[in-house]
Amino acid sequence: MEFIQYFGDVFVPFNFMLLMLGTVGGLILGATPGLSPTMAVALLIPFTFRLEPAQGLILLGAAYTSTVAGGAVSAILLKIPGAPANIATTLDGHTMAKKGQGARALQLSFLASAVGGIFGVFLLIFLTPVLAQWALAFGPSHLFWLAILGVTVIGSLDGGSVVKGLLAGCIGLWLSTIGFDDIMGAQRFIFHDSLAGGINVIPALIGLFAIPQVITMFAKGRSRLDAEVLEVERHPIGDAIREVFGRMRALSIGTITGSIIGLIPGVGGQIAGLVAYDQAKKTSPERDKFGTGHPEGVIAAESANNAMVGPSLVPLLTLSIPGSPTAAVLLGGLLIHGIFPGSDLFDNHPQVAWTFINSMLIGQVLMCIFGLYVAGLAARVAQVPNEVMAAVVLALAVFGSYSVQTSMGDVYVMAALGTGMYFLERFGFSAAPLVLGLILGPIAEANFIQGSMIANATSSVSQYFFTGALNLTLIAIVVLSVGYSVLMELRARRVVTTKDEAVAKEEALS
Amino acid sequence: MTDLPRIQHICASGVVALVGVTVTWVSYTQEPAAAFLFPRLISTVFVVLALWTFGKAILGCSKVGNGLSAEALLRIAPGLLVALVYIFWAAKGLGFYTASTITFFILLSLYDPAPHSELKSWVRRAVITAGFLAVMYGLFAMLLGVFTPREIFF
C-alpha cells in the first residue's frame, strides 16, 4: 500500500495543473483522426525536458490515458475512430448518435472508460512492485532474452507479415548500435557526422511516428473531410451511470479482456476493443442488436481499450520492456531524466514511480469528467483540415527533435527515419517493432556483453545463455510467439486463397 | 498481383536487403571484433530475413502492403519536397521561425482545397500561419528556452 503515501503529490497545484492539461489536451488530440496516442505522446516529450521527472511523466501519462478515451468522440460523432483502439466503438456508438443518442453514447463511453481504466491502473499498482522485486532475480542472460522477447513478440504480432515484423525489429536493433561502442570506444556504422553520437531515441520516435502521418496526410491531396458532426442532445448523467453499472456483463467483459490483453506485450488497444466487443456480443441475449446502436457494444469496447492502458505499463515499469509503442515512448520519457525502470525505479525513485501511477488513477476520473464536457468541442477540433494538421505536426516534429540536444543532426535523423518508415509501411513493415528494437537494443547488447564476459570466466557462452529454467522459459516464449504468428499467418493466407479459388470457380461457372 | 506493386515490392525489399548485406559486411570486416560482436549477431539474422523477403518479392509472393500508386506519389511529391527542403536546408539556412513560416504557408497553399483565386482563402492561410507560428514561438523560444540557429532577419 506504498502508493497511498504518495497520493498527495498528485494534488500539488503544479502537478495537478499538468494532469488537467494533459487530460484535456489528450482528449482533444485523441479525438483528432490521424493523431495516434503514440504520436501525441512522442510529440509531447520535448515539453517535459524542463519539468521534474514525476511532472513530465504525469503529463505524458495523462495524455496517453485520455487520447485513448478521446478517440471515442470522433468514433461516435464523426464515425471516424480517433485511434485504432476505438474502431469497435464506432460500430454501435455512431449508430446511437445517428438515432439522436450521441450524449448517451458519449456518457456511456467515458464512464465505461473510467471504470476499465481505474481497474487497469489498480492492476498496475498491485502487480508492478511484486514483479519488480521478482525482476531482481534476473541476470544478464535473462535480461538479454527479455529484450529479444520484447522485439520478437511485437515483431511477430504487429502487422500482417511475421518476417517483415522481425526484420523491422532487426533494423531497430541495428540502428541502436550506431555510434561509439560503450566498452571499446570503437566507431560503428557512422556513415555521416549526424550519426557520431548514435541515434537519439526521442527524435527517432518523433520521426517514426509523426513523419509517416504527415506524408499520409499529403497523400490525401486537396480533399476536405466530409464528415458530419452529429449534434449532442442533453442526457441525464445519472441515467448513464445507472445504465453502465446495470450492464455489468458488458462492463466486466470489457474490463477483464482489456486488462489481460494489456499485460501481453505487443497486443494493442485495437485488439482489446474488438475482442471485448466480440465477446460481449457472443454472450449477450440481445446479440442481434449489436451493430444497430446497442449500448453494450460501446461499454464493452471502451472499457476494454482503457483497461488495457495500466497493464500495458507493467512490463515497462518492472522489466524495462515496453509492451507497446506508446510504452516505448514513455520509456524514452523516463530515460531522458536518467531514470531506468525496474526495481531501481521503485527502490530509488519511489516518489516518481508512485506519483506517476497515482496520477494515472486520478487522470481516469478527470478524463471522465472533462470528457463529458469537452466532447462537443473535441469533435469540432477533430475536423481540423488535413493540410493544417500536416503542417502543424511537421513543424512540431522539427522543433521537438531539435530541442532535445539543440542539434540539427537529430532533425536530419528524424526526417530520414520518418520518410524511410513511410515508404516501408507501404510494403508491410511496421514502426512498432523497429522502435522496440531501437529502445531495447542497448539493453540487449549491454546484457549480451556482460553475459559473455561472465560466461567466459565461468562456463561456456552457450551454457550461460541456453541453460537454466528462466533462460529456457524465455527462449520457449520467443519461439512460441514466432511459431504461433507464423501459423496464424499461414492459416489466414489459406483462408484468402480458398476464398479466391471459390470466387474464381463461381466466375468460371457463370 | 499486377506488375507495378510487384516491382515496387522488389525495389523496397531490395533496398532493405542491400542495407542488410552492407551492415553484415561492415560488422564482419571492421575491427576491433569485440566491439562488433553484438552487431554481428543481429546482422546475421537481419541479412537472412532481408534476403528471404527479397526472394519472396522476386517470386511475386510478397503480399503484405499495397505499395504506392502513381496518383498518391504525385500528391505526396510536392509536400514531401517542401518538407525535405525545409528540414535539410531552410531550417538552418533561413532560421527556424522564418523557414517554418514559409513552409507552413506553402503547405497550406498546396493542399488547401479552397480555390486559389479567392482572396479570402489566402487571408485565412496567412492568419492560420501567423497564429500557429506565434504559438510555436511562445512554446519553444519563451517557455522552453530553445535556442534555434540565427535567423536571416534577426
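Okay, let's start with a proline: Pro32(B) sits in the loop that links α1 (3-29) to α2 (37-58) of chain B. Helices here are DSSP runs of H or I with at least four residues, strands are runs of E with at least two, and both are numbered from the N terminus. The peptide bond from Glu31(B) into Pro32(B) is cis, with omega near -5 degrees.

Quick housekeeping. This is a predicted model, where local features need pLDDT of at least 70 and side-chain atom pairs count only at pLDDT 80 or more, while totals for chains, interfaces and linings use all residues. Residues are numbered from 1 along each chain as its sequence is written, and chains are lettered from A and ligands numbered from 1 in the order in which they are written.

Now look at Phe189(A), a non-glycine residue with a positive phi near 55 degrees. Phe189(A) is in the loop between β2 (187-188) and α8 (201-219) of chain A. Buried or exposed, this Phe189(A)? Phe189(A) counts as buried because it has 21 C-beta neighbours inside 10 Å. The cut-offs: buried takes 20 or more other C-beta atoms within 10 Å of a residue's own, exposed is 12 or fewer, partly exposed is in between, and C-beta atoms are placed from the backbone.

Thr406(A) also has a positive phi, near 40 degrees, and lies in the loop between α18 and α19 (408-426) of chain A. Thr406(A) is exposed, because 11 other C-beta atoms lie within 10 Å.

On to helices. In chain B, α5 (residues 119-143) has 25 residues and reaches 35 Å from first C-alpha to last, close to the 36 Å expected at 1.5 Å a residue; that expectation is 1.5 Å times one less than the number of residues. Its buried residues are Arg125(B), Thr129(B), Met136(B) and Phe140(B). Their cover includes α18 (386-405) of chain A and α4 (96-111) of chain B. After α5(B) comes Gly145(B), with a positive phi near 65 degrees.

By comparison, α7(A) is mostly covered, with 15 of its 15 residues buried.

How values were computed
Contact = placed C-beta atoms within 7 Å.
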